[in-house]
Amino acid sequence: MNRLIHFHLKHGAELEEIGGIEIPIRYGSRFNQEIQTMLKGTGIYDVSSMLNIQVKGPDAEPFLQGMMSNDVSALKIGGFQPHFICASRGKIEHRIEMIRYDEETYWLCCAHGEGMDVGRKLDQFHIIEDL
């Protein structure tokens, strides 16, 4: 059992296996202290079941701007935004969470089972890859 799972169990989490990985799905009552803290302050969000994709470079912002549903240029360093990736006619294909790490680096957190599809979608449009 890893430290994070131990932490969740110690604090009363109910775990559920999703894609072979146990993640916390709730902490007791909807109105307990942990939930109120998350709603009004700061907490831990376990992304271990998500695939994280890093987009980095001087063209990362304009590249992502054309593909995401929210204004990527408005995202401050250390900030977080939810996004949709849509097809050419506007149909929602994927929901991701984006974190701006620094001036030229973005992390895309994809739901379990969608990460490879998001990666393939991004690959359709990228021009240069830094190996």
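Which residue in strand 6 is the bridge partner of Ile53? The bridge partner is Leu108. The paragraphs below place this pair in the fold.

The model is predicted: local features need pLDDT of at least 70, side-chain atom pairs count only at pLDDT 80 or more, and totals for chains, interfaces and linings use all residues. Residues are numbered from 1 along each chain as its sequence is written, and side-chain values use heavy atoms, with hydrogens and water left out.

The secondary structure of the protein comes to 4 helices and 6 strands. Helices (H or I, at least four residues) and strands (E, at least two) are DSSP runs, numbered from the N terminus. Along the sequence, the pattern reads α-β-β-α-β-α-β-β-β-α. The protein has 131 residues, and 29% of them count as buried. Buried means under 20% relative accessible area, exposed over 50%, and partly exposed in between (1.4 Å probe, protein chains only). The protein exposes about 9,200 Å². Carbon and sulfur atoms supply 54% of that area. Accessible areas come from the Shrake-Rupley method with a 1.4 Å probe; for residues, only the protein chains shown count as cover. Among contacts with a separation of 6 or more, 41% join residues 24 or more positions apart. Contact means heavy atoms within 4.5 Å.

Strand 1 (residues 14-18) and strand 2 (residues 21-26) form an antiparallel pair over 5 bridges. Two strands pair if DSSP finds at least two bridges between them. Glu14 has Arg26 of strand 2 as its bridge partner. The hairpin of these strands has 2 residues between them, and Gly19 takes a positive phi near 60° there.

Strand 3 pairs with strand 6 (residues 105-110) in the antiparallel sense over 6 bridges.

In helix 4, Gly115, Val118, Gly119, Lys121 and Leu122 are buried. Seen down the helix axis, these residues fall within an arc of 160°, so they line one face of the helix. The arc is that of the directions from the helix axis to the C-beta atoms. The buried residues of helix 4 pack against helix 3 (60-65) as well as strand 3, strand 4, strand 5 and strand 6.

The largest nonpolar core holds 16 residues, of which Leu64, Met68, Met98 and Leu108 touch the most other members. Such a core is a set of buried Ala, Val, Leu, Ile, Met, Phe, Trp, Tyr and Cys residues joined through side-chain atoms within 4.5 Å. Strand 3, helix 3, strand 5, strand 6 and helix 4 each give two or more residues. Strand 6 supplies the largest share, 3 residues.

Glu97 lies in strand 5 (residues 92-102). Glu97 is buried, with a relative accessible area of 10%. Beyond four places in sequence, its contacts include Met50, Phe80, Trp107 and Leu108.
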